[in-house]
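Work through the exercises below with the model open. Each one gives a task and then a solution in steps.

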Amino acid sequence: MGLKIYNDKQKLNAKDLIITGVFAVLFLMAVMIGGGPFASIPTLTFYFPIGAALLAGPIFMLYIAKVPKVGALAIIGVVECILGTLTGMHWGLNFGILISSIIASFIAGSRKFENPTFNLMAYIVYCIGPMGTYFVFFFNRESWVSFMLKKGTEQEYIDKMSEVATPAMMIIMIVGTLIVATLSGLLGLRLMKKQFIKAGLAA
């Protein structure tokens, strides 16, 4: 009986889906505001994952508090993957976000979304997703270039991007994303404790 009640609580209901839709928009806005300016400039595009991780920490922590269910984060990943595919983003970005969202959901869900450390780890993993397209660029450049040219990316953009695509840049991208994701996640946890709960936005 107890297991059945627990399973019922883990099922996503109509209210959860509405909240998920709202937060999917918030996540997208955070990514576009934080990372969008970098993505539009070929010599700065590798900073996109860093910028994308900057603003979403508080949104992530509030979301998993509002909908503490494993499937919720996975749905966010599916929505972002679909939107990315429809707008012509590289498959590495889309599937990177999808996979990282699913893994993040299990990390936070393993402690019922109540453990700050695991929630922070989940957010850091979630932020690794956008780097997927750049990993493909670094390790299978011909495939990446061919795909993006077919999607309408200009050769000039790719050439300028290639000029700054050094091993050092990849390290900066990875380390920078992990640092910014950690700081943003910590801010989210602090706001949860100091503001969101006090304001009645989270339990």
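**Exercise 1.** Decide whether Thr20 is buried or exposed, and find the side chain with which its own side chain makes a polar contact.

*Solution.* Thr20 has a relative accessible area of 3%, so Thr20 counts as buried (under 20%; exposed is over 50%, partly exposed in between; 1.4 Å probe, protein chains only). The model is a prediction in which local features need pLDDT of at least 70, side-chain atom pairs count only at pLDDT 80 or more, and totals for chains, interfaces and linings use all residues. Residues are numbered from 1 along each chain, and side-chain values use heavy atoms, without hydrogens and water.

Then check its side chain, which makes a polar contact with the side chain of Tyr63 at 2.8 Å. A polar contact is a pair of N or O atoms within 3.5 Å, one able to donate a hydrogen and the other to accept it; residues adjacent in sequence count only if both atoms are side-chain atoms. Beyond four places in sequence, Thr20 is in contact (heavy atoms within 4.5 Å) with Tyr63, Ala72, Ile75 and Ile76.

**Exercise 2.** State how far residues 1–8 can be read.

*Solution.* Where pLDDT is low, predicted coordinates should not be read in detail.

How values were computed. pLDDT = per-residue confidence, 0-100.
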